[in-house]
Amino acid sequence: MSQAAVGSVSKDFVSLIEKVSTVVHKISGNRLGEKQAYMVETRVKKRMMELGLKTADEYMRYIDQNLDHESYILVGLITTHHTFFFREFPHFEILKAKLPELVSHVKKRGDKTLTVWSAACSRGHEVYSLAMFLDFHLPQIDPTVSFKILGTDIDGESVKIANNGVYHQNEIKEIPMNFMGNNWAKGTGDIAMYAKVKSNLKTKCEFRPGNLLKVSEAVKDSKFDVIFCRNVFIYFETHQVEAISKDLLARLQPHGLYFSGISEPLSGMKLDIASIGPSAYIHKNAAPAAAPQPASNVLPMGARPSASTVAPVAAAPVSYTPAVLRVMCVDDSPSILTLLKKVLVPEHGFEVVATAINGKDAMEKLKTVKVDLMTLDIHMPEMDGVTYLEKNHTSTHPPVMIISSASRADSDTAMKAFKFGASDYVEKPALTNLEERGEEIRTKLRSIAGSSQRKTTVSSFDKENQKKFVIANPEKKMRLILGSLSDLPVMKSFFHDLDNSQPPTLIFFEGQGEILEGIVKEHQRDFKKTVVFFDNIDTKLEANKIYFVDFKKYFALLHKKYGTLPTSIMTYGNTSAHAAKLVAEWRGVELLLEDLGEKANAKHPLKAKASDVVPATSFPYMSCRYLSTK
């Protein structure tokens with residue numbers, strides 16, 4: 001291992017990493033170099049913790065003493081990669097464009113089953129994505145044609161997980177609504193946070209161990225219409241990738257499709273293939289085949305094809321290039337709008353051509369701007385997202401995807417959005433990882449493009465998962481709000497739609513102690529709850545009441561008295577350094593900051609302590625959600 005690699009890992013782990021890399025390479029062919037050294041160290045340390053071993057030398061001796069068993073443990077540990085449903089969605093778009101042609105060739109050979117092989121299936125996400133996709137599209141092309149999918153992976157534990165077909169509900173939510181259907185059953189009791197694939201898909205999927213260096217052991221001489229081998233070649237040397245691809249192509253039907261990872265193109269290798277899109281290939285000597293329809297006639301992913309849409313026969317394959325989709329983003333968070341512009345860029349097939357800060361603003365801008373898609377927040381001032389859909393969504397409206405801090409399981413918001421026309425839903429992540437969720441956002445937008453005339457079918461999983469947030473025992477919880485007199489109008493709207501299961505809410509003001517009682521008398525009729533002037537630390541705090549409190553006089557005392565209660569804290573605008581210091585000392589709470597824009601957020605003295613940074617319109621929902629779980 002080079003000096004550069006040594007510098008990136010612990011010195012006492014260098015020899016162990018070299019040993020592990022050699023063992024993994026011998027079995028799987030994966031070549032682990034300097035770039036993977038830190039990853040190997042991290043995963044090896046996790047394995048050592050499981051075994052109760054403290055030093056690298058101890059683990060090296062353990063490997064020598066248990067070489068056969070531990071070698072395959074290490075292969076699974078090192079070669080199991082992060083994956084998710086409908087990863088690299090452009091490949092699904094290519095498959096959709098070529099699907100009528102594939103069906104035609106299946107029938108020509110006298111068959112009724114389209115065969116697919118996921119040759120590095122990991123924990124099964126790719127296999128079940130393909131199953132949902134084909135289950136959605138195949139019946140509309142030819143209901144007499146079915147499908148069968150084989151998933152293989154070198155890691156036996158991953159194969160077991162895939163065969164079990166159980167995933168956390170957060171993973172299930174990444175699936176585009178078009179393909180959810182009735183394919184997933186929500187868990188109950190101890191596994192309520194999980195979902196299991198239903199038998200209608202499961203019976204069409206088979207999983208078995210398989211080493212890419214020994215393809216014939218896994219599939220013998222079977223032939224497949226489609227082969228996916230993605231995001232695994234990074235650990236192989238070029239000559240191995242070429243040899244593996246030749247073995248896979250030998251098992252591809254004459255008019256079949258072969259996909260490698262989008263970041264793993266096969267250009268420059270000695271392979272008899274022709275490219276039809278990013279890392280998508282067919283046999284170079286394939287007979288004249290039906291091409292994808294011209295761009296103007298290609299159906300969007302969300303639309304169901306009919307027999308009349310089958311592409312005509314063409315003399316040569318046509319490369320698939322998706323159109324750039326024009327998007328309007330509607331959100332009252334300036335930071336979210338900034339991040340969406342970073343996620344939806346032309347290189348990924350999108351262009352943000354307009355933004356709006358609420359439903360009314362969107363209505364006006366749609367009069368002059370033509371868009372293909374819209375992202376829509378729910379909680380916004382003047383006109384929220386649900387109201388906008390109820391008033392404006394028709395069959396001619398661009399497809400709408402909700403991006404909201406409201407949980408998809410909240411029947412009062414998400415389900416209403418679907419009822420009034422939304423086609424899909426992304427639960428808004430924290431600002432710190434919105435960009436990381438970019439692929440889910442792009443995937444769901446591409447899946448609904450052109451789908452405005454098709455009514456969204458709420459999946460069985462979503463129906464089973466619906467719930468309403470209820471704050472149990474509100475008298476044993478607290479809500480704190482920090483703001484100024486200028487924030488009073490938005491504070492009043494905070495309580496507008498809250499039910500009568502609310503904890504005592506304390507609104508703190510800095511520097512207003514002498515006039516605070518008068519402010520209470522002036523504004524108390526404008527609040528939907530009883531407003532009380534707080535002037536005694538011994539005052540008993542009651543549920544469903546609002547207390548106006550002088551920050552300087554009472555914040556520290558209240559912290560000392562109630563610091564162990566489940567508490568949600570929200571700050572409007574900025575916060576003084578003195579107040580921030582005291583707030584930061586209140587530990588184990590939800591701390592929400594008002595989104596003031598990227599630059600202002602970065603300078604906020606509580607940024608490092610915040611649970612999230614969101615528009616103030618999201619405060620009521622997020623606070624209720626948090627307190628309902630405590």
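This is a predicted model: local features need pLDDT of at least 70, side-chain atom pairs count only at pLDDT 80 or more; totals for chains, interfaces and linings use all residues.
Student: What makes F509 and F548 an aromatic pair, and why is the pair called tilted?
Tutor: Their ring centres are 5.2 Å apart, and rings pair if their centres lie within 6.5 Å. The planes are at 45 degrees; under 30 degrees would be stacked and over 60 edge-to-face, so this pair counts as tilted.

Student: Why can we say that this pair ties together separate parts of the sequence?
Tutor: F509 belongs to strand β17 (residues 505–509) and F548 to strand β19 (residues 545–550), so the pair joins parts that are 39 residues apart in sequence. Both F509 and F548 are buried.

Student: Why is the pair of F555 and W586 called edge-to-face?
Tutor: The ring centres are 5.5 Å apart and the planes stand at 65 degrees.

Student: Where do F555 and W586 lie in the chain?
Tutor: F555 is in helix α22 (residues 551–562), while W586 is in the loop between α23 (577–584) and β21 (590–594), 31 residues apart. F555 and W586 are both buried.

Student: Which residues form one aromatic cluster?
Tutor: F86, F89, F92, F133, F136, F179, F228 and F259 do.

Student: What sits over the ring of F13?
Tutor: The charged end of K45 does, 5.0 Å from the ring centre; the distance limit for such a contact is within 6 Å. In another case, R446 lies over the face of F350, 5.5 Å from the ring centre.

Definitions and conventions. Residues are numbered from 1 along each chain as its sequence is written. Side-chain values use heavy atoms; hydrogens and water are left out. Rings of Phe, Tyr and Trp (its six-membered ring) pair if their centres lie within 6.5 Å; planes under 30 degrees apart count as stacked, over 60 as edge-to-face and the rest as tilted. Helices (H or I, at least four residues) and strands (E, at least two) are DSSP runs, numbered from the N terminus. Buried means under 20% relative accessible area, exposed over 50%, partly exposed in between (1.4 Å probe, protein chains only). A charge sits over a ring if NZ of Lys or CZ of Arg is within 6 Å of the ring centre and within 35 degrees of the ring normal.
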